[in-house]
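Welcome! Take a moment to look over the sequence and the model below, and then let us walk through them together.

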Amino acid sequence: LSPAAKDVESQLTDAAKGDRVALARLLSTVERGGEAARALAALAYREPPPYSIGITGAPGAGKSTLTDRLITTVRAGWPAEGEGDVEPVHQVAVLAVDPSSPFSGGAILGDRVRMQDHATDPSVFIRSMATRGHLGGLALAVPDAVRVLGAVGVPLAIVETVGVGQMEVEVASATDTTVVVVTPGWGDSMQANKAGLLEVADIFVINKADRPGAREARRDLEQMLDLSSVSSLPRDGWRPPVVETVASDGAGVDRLWVEIARHRGHLVAGGVLERARAGRLEQELRRVLVARLLHRVEEIGAGDDYREALQAVVEGRLDPYGASERLLAPVLPPAPPPGGRAGGS
Ligand SMILES: Nc1nc2c(ncn2[C@@H]2O[C@H](COP(=O)(O)OP(=O)(O)O)[C@@H](O)[C@H]2O)c(=O)[nH]1
Ligand SMILES: [Mg+2]
């Protein structure tokens, strides 16, 4: 075992016993990437993942306030539909994901302050995650972090993203249950539609339902869902429910938790959970492959051979395809280009 692997192994053992500092270190390792992160992933992916909930939506929609309320509700246990009993959730971890800055900006800082009610609860672990380098970045780091949580025995992870860019939606939707938060107001649900949120939502929340327009927002969402159900979304028979909440006073949050539990029940019952997780792992494998290849491309691009080949292309002595074949020769064995055409399409 390398020293890095030994370190992460002992940190995993400590974190599994409830050592929060060890867990924080492990998540920093994931953020940094590199050899230690690689060793950590090798261990973490052997263990079952936690149940994961993604929360996404425009900045200011109330995601952090909602998450904060949800933590309180979650600690009471999983609601069982139609029955009185609950399965306890002994631990919950929140990852607040900010792709925009490596140093926590105002939004995350605000989140920290807001969630401080739970700071003294040893069963609640809250961590913000920022970008790891540039290639792959958070889209790779967050699933790794979730697996680390699973490996140390955390049964439930909530991933809150800060915005609704492609990356944020990707990160939030790489969870078992994806909650999309919108607010009443002109065009908000339309924007959710445009941002591709309709495809990824398992549950819609209309937060700030204390403000005018909640009913219209619900009508818009339901209409869009009606339209999308006739198209071919692979929903496995699940229609995303629309839940109204007032996160600032907690109204509707219990209902949200019931819907999350209902969605989980739906996934588990039909074997959908396993299939969906396998599908996400395939996407992740693809991302890792692409990230590694891009990394090699960057290395090649920093070399002398690259500059020479580029010069040859500029001077018309070589075409870009010939140049790329020459540069890739040490990485990829020569193969006919896809479709037999130069470069393929
Ligand atoms: N009126 C109203 N304000 C809310 C509600 N939920 C959150 N807010 C406020 O909206 C602002 C943004 O909330 P925040 O949770 O930081 O949003 P985030 O950016 O999506 O995480 C804060 O000032 C909250 O107090 C709500 O249900 N009703
Ligand atoms: Mg927030």
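The side chains of E160 and S64 make a polar contact at 2.7 Å; such a contact is a pair of N or O atoms within 3.5 Å, and within protein one must be able to donate a hydrogen and the other to accept it, while residues adjacent in sequence count only if both atoms are side-chain atoms. This is a predicted model, in which local features need pLDDT of at least 70 and side-chain atom pairs count only at pLDDT 80 or more, whereas totals for chains, interfaces and linings use all residues. Residues are numbered from 1 along each chain as its sequence is written, chains are lettered from A and ligands numbered from 1 in the order in which they are written, and side-chain values use heavy atoms, with hydrogens and water left out.

You will find E160 in strand 6, residues 156-161. E160 is buried (under 20% relative accessible area, with a 1.4 Å probe and protein chains only). Even so, E160 has no salt bridge (a side-chain nitrogen of Lys or Arg within 4 Å of a carboxyl oxygen of Asp or Glu). The nearest side chain of opposite charge belongs to K63, 5.0 Å away.

Both S64 and K63 lead us on to ligand 1, as they are among the closest of the 17 residues that surround it (a heavy atom within 4 Å). Where does G60 meet ligand 1? A backbone N or O atom of G60 lies 2.7 Å from an oxygen atom of ligand 1. T65 brings a polar side-chain atom to 2.5 Å from a ligand 1 oxygen, and an N or O atom in the D210 side chain is 2.9 Å from a nitrogen of ligand 1.

Terms used
Helices (H or I, at least four residues) and strands (E, at least two) are DSSP runs, numbered from the N terminus. Buried means under 20% relative accessible area, exposed over 50%, partly exposed in between (1.4 Å probe, protein chains only). Lys and Arg count as positive and Asp and Glu as negative; His and the chain ends are not counted.
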